[in-house]
Amino acid sequence: MARGEAVAAFALTEPEHGSDAGAIELRAERGGDGFRLSGVKTWISNAPDADVYTIFARTTPGAGAKGLTAFVMPGDAPGVSGRPIELVSAHAIGSLELDGVRLPAANVVGEVDGGFRVAMRMLDLFRPSVGAFAVGMAQAALDAAVRHAAERAAFGKPLREFQAVSHRLAEMATRTEAARLLVYAAAARHDASGGRDPVVTKASAMAKLFATETAQFVVDAAVQIHGAPALERGHLLERLYRDVRSPRIYEGTSEIQREVIARELYR
């Protein structure tokens, strides 16, 4: 994976359980020297073509988040099938079906029934990375809007000389820079502690929340400044307008990030 020769995937979400990860139902039943996994995962990035999955299954029924275990599963394991899912914006994503997939005990990540902790620590790493590319989308949209406002004239002067436009650009730039700094701060905390700093969870959630919400605002504002041409198929902003919507949902919705931040305030 480090050499870019194998594609990995993180398989947590199920058709009935997205935000409530502790309620997942994919079963991992003990058998012989390992486990047999059966069930469905969906909205999994890189599925169904990944070479290897970190997959989360229930090893103890009725135990909620405390009954989940993480496994390493080869993508070509017997019993694994899947299909791609087409989204509003192109993304390598799909669903998986596991029909009695056999995995040895050595494929357990961490401890049996300790999978929820593994998932949460991984999300602490993923969330700033989502924030990072959200900042990239915001910066691209801001740059396009700044250029357009300088070049486009209306009523005898450039758009940038209209206060409504210039103030909107200032707001876009300020939010983008704030989002960038939150992402950097969360990433630095994670790297400095190996993800073990208790503040990492809050910092990661803040970075993901603010950056993705900011990107949505900035891209929408850039479209407004450009007007109709920005909605033409093939325009940079038309693509960004479709791309920017999903990051507010995956790796934890904006609503879940607010729940995480509020909970961490009282720890």
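Reader: What is the relative accessible area of Tyr250?
Author: This is a predicted model, where local features need pLDDT of at least 70 and side-chain atom pairs pLDDT 80 or more, while totals for chains, interfaces and linings use all residues. Residues are numbered from 1 along each chain as its sequence is written, and side-chain values use heavy atoms, without hydrogens and water. Buried means under 20% relative accessible area, exposed over 50% and partly exposed in between, with a 1.4 Å probe and protein chains only. Tyr250 counts as partly exposed because its value is 26%.

Reader: How many aromatic pairs are there?
Author: Rings of Phe, Tyr and Trp (its six-membered ring) pair if their centres lie within 6.5 Å; planes under 30 degrees apart are stacked, over 60 edge-to-face and the rest tilted. By this rule, the number of aromatic pairs is five.

Reader: Which kind of pair do Phe10 and Phe56 make?
Author: Their ring centres are 5.3 Å apart. The planes meet at 65 degrees, so this pair is edge-to-face.

Reader: Are Phe10 and Phe56 buried or exposed?
Author: Phe10 and Phe56 sit 46 residues apart in the chain. Both of these residues are buried.

Reader: And which kind of pair do Phe133 and Tyr250 make?
Author: Here the ring centres lie 6.5 Å apart. With planes at 40 degrees, the pair is therefore tilted.

Reader: Which ring does the charged end of Lys157 sit over?
Author: A charge sits over a ring if NZ of Lys or CZ of Arg is within 6 Å of the ring centre and within 35 degrees of the ring normal. For Lys157, the charged end is 4.5 Å from the centre of the ring of Phe162.

Definitions and conventions:
Helix = DSSP H or I, 4+ residues; strand = E, 2+ residues; numbered from the N terminus.
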